[in-house]
Amino acid sequence: MTERQLWERYKKYLCGVESVGLTLDVSRMNFAEDFLERMRGPMEKAFDAMAALEKGAISNPDEKRRVGHYWLRAPELAPEPALTKEIQDTVAAVRAFSEDVHAGRVKPPKADRFTRVLLVGIGGSALGPQLVADALGTAVDRMQVFFFDNTDPDGMDRVLAQLGGTLAETLTVVISKSGGTKETRNGMVEAERAYQQKGLEFGRHAVAVTGEGSELDRYAKKGNWLRTFPMWDWVGGRTSVLSAVGLLPARLQGLDIDGMLAGARDMDVATRERDMLRNPAAMMALMWFHAGNGRGQKDLVILPYKDRLLLLSRYLQQLVMESLGKEKDLEGKVVNQGLAVYGNKGSTDQHAYVQQLREGVSNFFATFVEVLKDREGTSMRVEEDFTSGDYLLGFFLGTRRALFEKGRESMTLTVPDVSARTLGALIALHERAVGLYASLVNINAYHQPGVEAGKKAAGAVLELQRKVLAKLRGDKAKGHTAEELATAVGSPDEVETVFKVLEHLAANADQGVKREPGANRFDTRFRAG
Ligand SMILES: O=P(O)(O)OC[C@H]1O[C@H](O)[C@H](O)[C@@H](O)[C@@H]1O
């Protein structure tokens, strides 16, 4: 295709959402002229399924749940007045609580004000808040937000060190929909101890966002925490950023949550459009389908040319891959669906992996995100007539062209700026694209049965460790090899796991397990005491 033909194609297919100033350009996706026509029928069905979902159908059949994230930004669309009210009350409560915190009406016992937020959560209970905090944060935010998003001890120490002497002014927000996620529980327990060590009462510094009656909910009540905000079973973790999960930390930070909600609401209106050529979520889903033959055969590389959107790819990774990566379709047939997502930011990535994108294995397509506004205020000239932002545009257009020359497809999302509205719109656009694509490939986008297997297996490892430790403590006289211990605890076939557990215990002196070297690595003996 010549540059001139691309220009014609650009004009023909450009799909815009006036209210948020966003456009989607699919001209560099090589779909055949009849592709859209062929997909009209399946897309009609996807629109029907989406309409039913928004009306409150059980769109997550495996878990028998409704899927209500679109109601979060248009509460009047919720299927029952009680739900409408709950959503509205929660947003009002987030706003009022944040104001109280900022004004010092809700205050820590040993300081005038809360000035920091420590958010403890993982997956959908962290990725959205992290994206929002990073995309919209400024040096003069009302509060600075820190994260525990793992059960890595050193990771938590690092964050606590950054918080330094400010724990007395730090509000900890523990977020877990289920209220039973172990990484989050561990983060909470470690945070609680850090407060205690400073002579601070944790409950006076803690807030929860969780489902009613969950383990976390009960713990918060027992500990007399400052406040609990609700999380509902009809909001999935990966689509929860516009519930209290994302709104509370954002508002505490001082960010414009109304803008986020309005941007998402406007995008929702635009993506309910049944003319697929005028619906950017439908076009995006169709392009995903085209690129990967409806089988996820190509990966999606997200390339925002804006530092503030660095975490977008990580956020979309969960949204897309946890939603679409499914073994079975809605009829129970094995389909192993999915769409792999990765990315970082331009132009930085041009100095890293773009080499492979252009010349290496052709197993991807890209979504470029272009942001028109360079910065607040004016830009200096780094050369006569050119600003740094001109270079950023040049690098984006140059890379896009270089990829296309080698037959590598891409879409371009253009937004006016990185504002609360734009971010809300970008999130809503991808949520809708995921839902529509899931219909096109006939899968349930709203459950995650595969995640459980890893959790169960981890539980079994910890149980094995308990037995091994009991054995070691009961027989301190001599050292034992992993083989001996595995047999002694009745799991001879689990010897590799036992060996890994022992090596880890011995590497951490506080666990009280010593190693005695043997003839080779696997003859190492382990001893308690
Ligand atoms: O919010 P939580 O219940 O703690 O869940 C946190 C995350 O963990 C799970 O394993 C799920 O796969 C994610 O979808 C979820 O966002």
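# Notebook: a predicted model, from overall fold to single residues

I began with contacts in the protein between residues at least 6 apart in sequence, and noted that 71% of them join residues at least 24 apart. I keep in mind throughout that this is a predicted model.

**Entry on the overall build.** I looked up the secondary structure next and found 17 helices and 13 strands in the protein. Along the principal axes, the C-alpha atoms fill a box of roughly 80 × 60 × 55 Å. I also noted that buried residues account for 43% of the 529 residues.

**Entry on domains.** How is the protein divided? I found domain 1 given as 3-64 + 273-447, domain 2 as 69-255 and domain 3 as 450-528. I then looked up the separation of domain 2 and domain 3, whose C-alpha centres lie 37 Å apart.

**Entry on the ligand.** Which residues come nearest to the ligand? There are 14 residues around the ligand, and those that come nearest are Gly123, Gly124, Ser176, Ser178 and Gly237. Sorting the shell by class, I recorded 9 polar, 3 charged and 2 nonpolar residues.

**Entry on helix 9.** Helix 9 covers residues 257-270, and its 14 residues reach 20 Å from the first C-alpha to the last, close to the 20 Å expected at 1.5 Å a residue. Why do I call helix 9 largely enclosed by the rest of the structure? My reason is that 10 of its 14 residues are buried. I listed these as Ile257, Met260, Leu261, Gly263, Ala264, Arg265, Asp266, Met267, Asp268 and Ala270. Looking for what covers these buried residues, I found that the cover includes strand 1 (15-17), helix 8 (244-253), helix 10 (280-291) and helix 14 (420-440).

**Entry on Arg73.** I turned to Arg73, which sits in the loop between helix 2 (35-54) and helix 3 (81-103). Is Arg73 buried or exposed? With 23 other C-beta atoms within 10 Å, Arg73 is buried, because the cut-off for a buried residue is 20 or more. Leaving aside neighbours within four places in sequence, I found Arg73 in contact with Leu242, Leu261, Ala264, Arg265 and Asp268; of these, Leu261, Ala264, Arg265 and Asp268 are among the buried residues of helix 9. I also looked up Leu316, which is 243 residues from Arg73 along the chain, and the C-alpha atoms of the two are separated by 19 Å.

**Entry on Met156.** Met156 is placed in helix 5 (residues 153-163), and it is buried, with 21 other C-beta atoms within 10 Å. Which residues does Met156 contact, once its neighbours within four places in sequence are left aside? I found Phe148, Gly187 and Glu190. For Glu190 I looked up the separation as well: Met156 and Glu190 are 34 residues apart in sequence, and their C-alpha atoms are 8.0 Å apart in space.

**Entry on helix 15.** Helix 15 runs over residues 449-474, and its 26 residues reach 39 Å from the first C-alpha to the last, which is close to the 38 Å expected at 1.5 Å a residue. I noted that Leu464, Val468 and Leu472 are buried in helix 15. As background, an α-helix has 3.6 residues a turn, so residues three or four places apart point the same way. The buried residues of helix 15 pack against helix 16 (482-488), helix 17 (495-507), strand 12 (513-516) and strand 13 (525-528).

**Entry on backbone exceptions.** For comparison, I wrote down that most residues other than glycine have a negative phi, and that most peptide bonds are trans. Lys64 is not a glycine, yet it has a positive phi of about 50°; it lies in the loop between helix 2 and helix 3, and with 8 C-beta neighbours inside 10 Å it counts as exposed. Asn293 also has a positive phi, near 55°, and I found it in the loop between helix 10 and strand 8 (299-304). Asn293 is exposed, with 9 other C-beta atoms within 10 Å. Last, I looked up the peptide bond from Gly346 to Ser347, which is cis, with omega near 0°. Ser347 belongs to the loop between strand 9 (341-343) and helix 12 (354-359).

Notes: Residues are numbered from 1 along each chain as its sequence is written. This is a predicted model: local features need pLDDT of at least 70, side-chain atom pairs count only at pLDDT 80 or more; totals for chains, interfaces and linings use all residues. Helices (H or I, at least four residues) and strands (E, at least two) are DSSP runs, numbered from the N terminus. A residue is buried if 20 or more other C-beta atoms lie within 10 Å of its own, exposed if 12 or fewer, and partly exposed in between; C-beta atoms are placed from the backbone. Two residues are in contact if their C-beta atoms, placed from the backbone, lie within 7 Å. A residue is near a molecule or strand if its C-beta atom, placed from the backbone, lies within 6 Å of it. Ala, Val, Leu, Ile, Met, Phe, Trp, Tyr, Cys and Pro count as nonpolar, Asp, Glu, Lys and Arg as charged, and the others, Gly among them, as polar. Domain bounds come from an automatic or database domain assignment. The expected span of a helix is 1.5 Å times one less than its number of residues.
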